[in-house]
Amino acid sequence: MSALCANGGRLQKVRTPGSTAQEMGLFIENNKIESISKHAFRGLRDVIHLDLRGNELQCDCKTKWMTSWLKTINATVTDVFCAGPPEHEGKKLIDLTASDFDCMSTEFVLHQILPYESISVNTFSFKDDVYVAIAEPNEGNCRVLEWNYIEMNFRSYDNITGQSTVGCKAISIQEQVFVIVAQLFGNSVIYKHGESWTKFVKFQEIKVSQISKPNDIEAFQIENEWFFIIVDSSKAGLSTIYKWNGKGFYPYQTLHKWFRDTDSEYVNIDGKSCLILTSQSQDPAIFEWNKKTKQFVQQSTMQHMEDVIAVESFRIKNDLFICLTKFIGDSKILKWNITHFVEVQDLPSRGSMILQPFSFNDRHYLVVGSDYTFSQIYIWDNQKKAFTKFEEMYVQAPRCFTVVSTDRMDFLIAASFKGSTQIFEHAIVDLSL
């Protein structure tokens, strides 16, 4: 039998002598070993004794392989206790199983670059195909892309031309697809998917006298009826709700004027249909749908939350949250607490035009865009009940982050006002490999 003895030293890494046909005893106790590579014992045919006592072994993903390996070798193994991490500290390594390790992580990997600037991205599905509609303000286009299942990327499908397009929003109603194209100059236009199923054709106009400075489009459904709201950010603008009547969309209700609204969000609060409106001149307002009058009625405002430029909602399990974006100062995350929203976290967001929450399976993220530096992606920590920093991505002047999923892949599309539109894949990473 051969023996490798390196006990009582300052050894931090394990290197074996390579391939050997002899039986081997490994005596490497009382060192400073924190982890052992799964390649460390490569070439050893028979390990008959292993002594790792007195080390500082971290029972983490780098050591996960040992939990299986120790159960397969025909060797005498002294008790090896974990020095960390906290959840495994003091436990015997041989008592752990693969299920005790959470080694699956994620990262956002650049998948595709679209060589044009954009301000909004909206996704929709039709007949099992996946599409995205991208607003290009400088070119005045609403570009529609479709997912190519063979080449595994997004390819051009149609290009709706216009002038100073600031938003493209798709609505699917009874096997029909409509795209609302909001424009800063001239009338906004609604397009319908043509009967040839290859192009969108002009369907209806929204007069500039009704909406003069569109800033956001939000579509929603109440009691099987379809609506959308166009937020008007002009000084005397009227944010207007439109309703589908089976033949077209018509103005249904106007909300408060003179408030220079910046964004809207439809959200269900305790079973009630609500709209949250943000503006440059007042605190965010909550409007509730009145079932008798079939109108939205303002119920409350969120005090001391002025200068909010965007609002988004999200849910984690049974809890409802909203995030309020502020270009100057800290943005806020609020949680619904039976009767009102309460602040639970603030995030540095100087230079941000968008906070976008999104989820893939059981992972909840929040991306904070920035005009001045890298955009920051946060991930929800279930123990802390808060978002913690996850990774950074560089997008020039981000204006929108949109999630789109195909049959096998998940993506985050970043709209850039000053650079190329980027598509990032949400990739699964096994940290134990």
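**Aromatic rings and their setting**

Mentor: Start with W380, which has a relative accessibility of 11% and therefore counts as buried (under 20% relative accessible area; exposed is over 50%, partly exposed lies in between, with a 1.4 Å probe and protein chains only). F387 is buried too, with a relative accessible area of 4%. The model is predicted, so local features need pLDDT of at least 70 and side-chain atom pairs count only at pLDDT 80 or more, while totals for chains, interfaces and linings use all residues. Residues are numbered from 1 along each chain as its sequence is written, and side-chain values use heavy atoms, leaving out hydrogens and water.

There are 34 aromatic pairs in the structure. Rings of Phe, Tyr and Trp (its six-membered ring) pair if their centres lie within 6.5 Å; planes under 30 degrees apart are stacked, over 60 edge-to-face, and the rest tilted. F178 and W244 make a tilted pair, because their ring centres are 5.0 Å apart and their planes stand at 50°. F178 belongs to strand 11 (residues 176-183) and W244 to strand 16 (residues 238-244), so this pair ties together parts 66 residues apart in sequence. Helices (H or I, at least four residues) and strands (E, at least two) are DSSP runs, numbered from the N terminus. F178 and W244 are both buried.

At Y116, R143 lies over the ring face, 4.2 Å from the ring centre (the cut-offs for a charge over a ring: NZ of Lys or CZ of Arg within 6 Å of the centre and within 35 degrees of the normal).

Now the setting. Strands 18-19-20-21, in that order, form an open antiparallel sheet of 4 strands; two strands pair if DSSP finds at least two bridges between them. Strand 18 (261-269) and strand 21 (295-301) are the edges, each pairing on one side only. Strand 18 is joined to the antiparallel strand 19 (residues 272-279) by 8 bridges, and I269 stands opposite K272 of strand 19.

Overall, the protein has 1 helix and 32 strands. Its radius of gyration is 28 Å, well over the 22 Å from the globule rule for 433 residues, so the protein is more spread out than a compact globule (taken over C-alpha atoms; the rule is 2.2 Å times the number of residues to the power 0.38). Of the 433 residues, 52% count as buried.
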